Amino acid sequence: MRFSFDGSPLEAQRGMTIGGALLASGIVSWRRTPRQGRPRGIFCGTGVCFDCVVDVGDRRAVRACLVLVRDGDEVRTSTSPRAAQ
Amino acid sequence: MSGVIDVGVVGAGPAGLAAAIAAGNLGCEVTLIDMGSGPGGSMYRPGMLFPAAGQPRRAAEHLPPSLARIRQIRQARHLAMTSVSRAERDGDGVVTLWVGGPEGGAETTVEVRAVVLATGAAELVLPFPGWDLPGVTTAGAAQGLLTGQGVTVGRRVLVAGAGPTLLPVAATLTQAGVRVVAVLEAASTPATYPGATGHADLLARHGVPIHTGSTVVACHGTGRVERAVIAQLDHDWRPVPGSHREETVDAVHVSFGRAPALALPRALGCAEVPYPMRPAAAVACDADLATSVPGVFAAGEVTGAGDAHVAELEGCLAGTSAARYLNRAEATERTRFLRSQLAEARRLAAQLDEAGPLRPGWLEWPDADTVVCRCEETRWSEISEAVAGGARDVAAVQEVTRCGLGYCRGSVCGPALRYAVSAALSACQL
């Protein structure tokens with residue numbers, strides 16, 4: 001399967017979450033916190049902490065640790081984790 | 001969504017599944033709501049595509065037979081990959097649950113006459129400088145990524161914390177070829193649990209040392225963890241001066257046990273009891289697992305249940321109690337049987353050396369600028385400043401600092417915050 005992150009083409013295996021696919025591609029961080037600009041990636045891995053949110057296509061603040069990657073997904077750095085609320 | 005459902009069960013781990021099966025078997029219409037992609041919760045993780053044994057498993061095989069019966073309960077509807085963001089109980093006793101998917105977007109509501117809270121627990125990680133760097137994850141995240149997806153966070157890692165999670169995770173990572181530099185257990189002895197010897201032997205064969213009385217007190221790196229500072233700890237978990245050393249690593253996996261997930265019980269106003277030996281609380285329940293709020297029941301780790309067997313029995317009893325509350329069942333021999341089985345299972349679970357008490361020396365690990373609330377970016381010093389400024393309980397500290405009020409609703413930093421506030425208040429009163 002192919003997907004992209006911030007425009008860069010990447011590959012993933014079926015059954016991987018978006019977070020798993022990013023990690024498997026060597027990407028460990030994909031967001032910055034709004035105040036201090038601290039990098040964020042996977043932390044809890046169970047959908048609890050919201051550290052790992054990304055935008056996917058027109059979907060905002062998707063929890064990358066829960067949602068499976070789909071062929072052709074355009075994954076982008078999340079602009080606002082607050083949309084997840 | 002229209003129509004009020006009999007029973008809403010939140011959480012599809014062993015407790016929630018058992019509750020849904022019990023209530024469904026007693027003729028209740030049940031809606032089971034869970035964040036996972038399939039039933040099982042964090043105990044029986046669904047979607048194990050790459051199990052440690054190497055053979056793909058079929059989806060249904062990950063549940064034990066007693067819980068796999070959920071598939072035969074026709075009255076039960078399962079909303080997978082769905083979380084409850086809000087809950088309210090009205091004057092007629094109808095509970096409204098606001099539910100949404102993991103992708104944000106519009107929420108819908110589910111209305112129920114009775115609810116079983118089986119929300120489980122979140123892994124407890126104590127804050128230290130650099131604990132929010134990418135590459136630092138919960139031990140459970142490392143385990144789940146590897147067994148569920150065959151993905152590793154790092155190639156040269158430390159596994160640190162306290163309690164019975166550390167050795168199994170280190171063993172799984174080692175078997176997958178990850179170089180575990182060391183397992184760091186803060187307590188003076190490693191946790192004992194069924195299987196501990198096998199895990200310790202495996203680690204010994206691969207030359208992975210298990211250091212007790214030591215932990216990771218800081219992580220450094222640009223954009224991700226690159227170096228970890230390890231310190232020896234005294235009996236109270238205070239870092240021993242001069243014992244600090246650095247290791248080059250690309251991941252650190254941490255667990256200090258688990259703390260009940262209380263956001264939903266709190267939203268419904270359920271009373272709490274202190275969770276034994278932990279900086280947390282659990283939902284208070286009577287013998288039949290009714291909470292302080294009529295029509296609201298609780299089961300599993302959220303009540304402080306120690307293991308999956310206790311959780312399953314509690315779920316069974318809570319589901320039966322919910323049916324009784326709706327006049328679908330009477331107190332029967334089965335209820336008494338369940339209560340006695342539960343008493344025995346709890347006694348056995350208590351004998352297992354679960355994660356021991358946290359020692360207060362961990363309060364010295366964070367520095368003033370350590371981000372304690374990962375969502376609101378509250379700094380560690382802001383908590384003691386709030387107490388010094390007159391805040392006298394957790395809610396008052398939160399009002400000033402926003403700590404624990406972000407999008408995870410305190411699931412991650414809540415226990416550490418409660419512990420820190422209580423320590424700061426005792427210090428004020430001296």
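Let me start with M81(B), which in this predicted model is partly exposed, because 19 other C-beta atoms lie within 10 Å of its own, and a residue needs 20 or more to be called buried. M81(B) sits in the loop between strand 3, residues 76–79, and strand 4, residues 83–89, of chain B. What is the phi of M81(B), given that it is not a glycine? It is positive, at about 50 degrees, and I mention this because most residues other than glycine have a negative phi.

Is D6(A) buried or exposed? D6(A) is exposed, because 12 other C-beta atoms lie within 10 Å, and the exposed class takes in counts of 12 or fewer.

Chain A has one helix and seven strands, and if you follow the elements from the N terminus they run β-β-α-β-β-β-β-β. The radius of gyration of chain A is 12 Å, close to the 12 Å that the globule rule gives for 85 residues, and so chain A is as compact as a globular protein of that length. Its C-alpha trace spans about 35 × 25 × 25 Å along the principal axes. Of the 85 residues in chain A, 51% count as buried, and of the contacts in this chain with a separation of 6 or more, 38% are between residues 24 or more positions apart.

Now to the place where the chains touch, to which chain A gives 37 residues and chain B gives 33 residues. On the side of chain A, the elements that give two or more residues are helix 1 (18–24), strand 4 (39–40) and strand 6 (59–63). Which of these has the largest share? That is strand 6 of chain A, with five residues.

Turning to chain B, we have eleven helices and 21 strands, divided over domain 1 (5–122 + 259–351), domain 2 (125–256) and domain 3 (366–429). The centres of domain 1 and domain 2 of chain B, taken over C-alpha atoms, are 31 Å apart. For 430 residues a compact globule would have a radius of gyration near 22 Å, and the 22 Å of chain B agrees with that, while the C-alpha trace of chain B spans about 65 × 55 × 45 Å along its principal axes. Buried residues make up 53% of chain B, and residues 24 or more positions apart account for 65% of its contacts with a separation of 6 or more.

The largest nonpolar core has 167 residues, and the members that touch the most other members are A19(B), V116(B), A170(B) and V252(B). The element of chain B that gives the most to this core is helix 7, residues 308–325, with nine residues. Leaving aside residues up to four places away in sequence, A19(B) touches several residues, including V116(B), A299(B), G315(B), A318(B) and G319(B).

How do helix 1, residues 14–25, and helix 7 of chain B lie to each other? Their axes come within 7 Å and cross at roughly 35 degrees, and the crossing is right-handed. Among the residues that meet here are L17(B), A19(B) and A22(B) from helix 1 of chain B and G315(B), A318(B) and A322(B) from helix 7 of chain B.

A second pair is formed by helix 3, residues 139–149, and helix 4, residues 166–175, of chain B, whose axes come within 10 Å and also cross at roughly 35 degrees, but here the crossing is left-handed. The contact is made by A139(B), A142(B), Q143(B), L146(B) and T147(B) of helix 3 and by L166(B), V169(B), T172(B) and L173(B) of helix 4.

I will finish with V273(B), which lies in strand 17, residues 272–274, of chain B and is exposed, because 12 other C-beta atoms lie within 10 Å. Even so, V273(B) touches A281(B), A282(B) and A284(B), again not counting residues up to four places away in sequence, and its C-alpha atom is 8.9 Å from that of C285(B), twelve residues apart along the chain.

Key:
Residues are numbered from 1 along each chain as its sequence is written. Chains are lettered from A and ligands numbered from 1 in the order in which they are written. This is a predicted model: local features need pLDDT of at least 70, side-chain atom pairs count only at pLDDT 80 or more; totals for chains, interfaces and linings use all residues. Domain bounds come from an automatic or database domain assignment. Helices (H or I, at least four residues) and strands (E, at least two) are DSSP runs, numbered from the N terminus. The radius of gyration is taken over C-alpha atoms; the globule rule is 2.2 Å times the number of residues to the power 0.38. Two residues are in contact if their C-beta atoms, placed from the backbone, lie within 7 Å. A nonpolar core is a set of buried Ala, Val, Leu, Ile, Met, Phe, Trp, Tyr and Cys residues joined through C-beta atoms within 7 Å. Axes are lines fitted to C-alpha atoms, for helices over the stretch in contact, and angles run from 0 to 180 degrees between N-to-C directions. A crossing is left-handed if the near helix is turned anticlockwise from the far one by less than a right angle, and right-handed if clockwise.
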